[in-house]
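Please keep the sequence and the structure open while I talk.

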Amino acid sequence: MDFSLTREQEMIKDLAQQFAENELEPAAARIDLEHVFPEENFKKMASLGFTGIGIPSQYGGSGGGALEKVIAVSEFAKKCMTSAAILSIHLIAPQCIYRHGNEEQKQKYLPMITKGGSLGAFALTEPNAGSDAGSVKTTAIFDPETNEYILNGTKCFISGGSRADVLIVFALTQPNKGLKGMSAIIVEKGTPGFSVGKIEEKMGLAGSETAELIFEDCRVPASNLIGKEGEGFKIAMQALDRARIGIGAQAVGVAEGALELSIKYSKERVQFGKPIANLQGIQWYIADMATKTMAAKTLVQYAAYLEDSGKPFTTEAAMCKLNASENARFVTNLALQIHGGYGYMKDYPLERMYRDAKITEIYEGTSEIHKVVISRAVMNK
């Protein structure tokens, strides 16, 4: 495996880095404090092509694949985890439509959510269907008289659900078949019968709205069905595999950002007549942070390489997400410790990064679920 980036990938990295430094970092503290969705920044992401990563240009996309996503998301996360999460999760929706939708759906929806500034969302989780995604209860019953699906049910913890223009909703089209009766359906914002319930107050990612979605006799055209009836669970699991690489990229980025801040601070902070960077204890902290972050980054890139190569990557996606998320917590914790009292204050970004990093161990599959996935894979070889 060649770890060097192509010229195009270097350009994406430079563009993402500049955008993160010039646009995301200055707004990060305000977004966190005021709990505001960074709408203008998202539109700028779209204008620069970030929201179309992984989708061919014929559908308004920017091309590239999983590695390009990792590059952009990681650079964003160094400066603003909220923005990195918004991009990473948004990219799930166009991938679902591109990989499983028909040509009509691709032509209609992909330009909206790749370059048009429309936000996408992935609506799977329910109050009783978190780690156990197969326990979805939302139904989508076909009405042959109107050629529509009628959705009823509630989704929860849906990132961007309150802002999304295009949502991929997973529901039971044949409730008596359980998992085999689950399907994926496109629901547009403003559809009668679809409403947003509670907006959650969270520990971190304050600007990425996490919402309850309510469907009450919500009618959508039968043409909004993605793939065939009964393929929803397969579509969801494949989407989650890809999404987990994105979460790994978020975790790597926030760890890299915390490490950079810690190195800078340790050289500037003088105690007992010398910079604390001269203290062996601090040096050991930095060494551990740098080594573990490089290992996490390499595993994330390897999972992205497998996806882009068309090879199986479910296990590696779980591994990279598990490893990178645990490392993000480890690194942000040590970074905050290095900064001492200053790290605990909102004047510095470390306390925000510490809070933001925690979610990477939870969403798109908890660490415990990933350990189950990994253990099954390696024990059944």
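Predicted model: local features only at pLDDT ≥ 70, side-chain atom pairs only at ≥ 80, totals over all residues.

**The largest cavity and its surroundings**

Let me start with the residues that line the largest cavity, which are Phe37, Ile86, Ile89, His90, Leu119, Gly120, Ser159, Gly160, Ser208 and Glu209. Residues are numbered from 1 along each chain as its sequence is written, and side-chain values use heavy atoms, with hydrogens and water left out.

By a cavity I mean a set of points, on a 1 Å grid over the protein atoms alone, where a 1.4 Å probe fits but cannot get out, and lining residues are those with an atom within 4 Å of a point. The structure holds 1 cavity of 30 Å³ or more, and the space in the largest cavity comes to about 60 Å³, where the volume is the space filled by probe spheres set on the points, and grid points are joined across faces, edges and corners.

Which helix gives the most to this lining? That is helix H4 (residues 81-90), with 3 residues, helices being DSSP runs of H or I with at least four residues, strands being E runs of at least two, and both being numbered from the N terminus. By class, the lining has 4 nonpolar, 5 polar and 1 charged residues, where Ala, Val, Leu, Ile, Met, Phe, Trp, Tyr, Cys and Pro count as nonpolar, Asp, Glu, Lys and Arg as charged, and the others, Gly among them, as polar.

The protein is divided into domain 1 (7-113), domain 2 (120-232) and domain 3 (240-380), with bounds that come from an automatic or database domain assignment. The contact takes 24 residues from domain 1 and 20 residues from domain 2, contact meaning heavy atoms within 4.5 Å. The centres of these two domains, taken over C-alpha atoms, are separated by 23 Å, and the lining of the largest cavity draws at least three residues from each of them.

Ser118 sits in the loop between helix H6 (103-114) and strand E1 (120-123). Not counting residues up to four places away in sequence, Ser118 touches Phe42, His90, Met112, Ile113 and Asp165, and His90 is also one of the lining residues. Is Ser118 buried or exposed? With a relative accessible area of 13%, Ser118 is buried, since buried means under 20% relative accessible area, exposed over 50% and partly exposed in between, with a 1.4 Å probe and protein chains only.

Let me turn to charged pairs. Side chains of opposite charge can pair when their charged atoms come close. A search of the whole structure finds 23 salt bridges, each being a side-chain nitrogen of Lys or Arg within 4 Å of a carboxyl oxygen of Asp or Glu. One of them joins Asp32 and Arg355, whose closest N and O atoms are 2.8 Å apart. This pair links distant parts of the chain, with Asp32 in helix H1 (residues 7-34) and Arg355 in helix H10 (residues 350-358), 323 residues apart. Both Asp32 and Arg355 are buried.

Glu361 and Lys358 also form a salt bridge, at 2.9 Å from N to O; here Glu361 is buried at 7% relative accessible area, whereas Lys358 is partly exposed at 32%. Finally, a network of salt bridges links Glu75, Lys78, Glu256, Glu260 and Lys297.

Terms used
1 Å grid on protein atoms, 1.4 Å probe; cavity = no way out; pocket = protein on both sides within 12 Å on 5 of 7 lines; lining within 4 Å.
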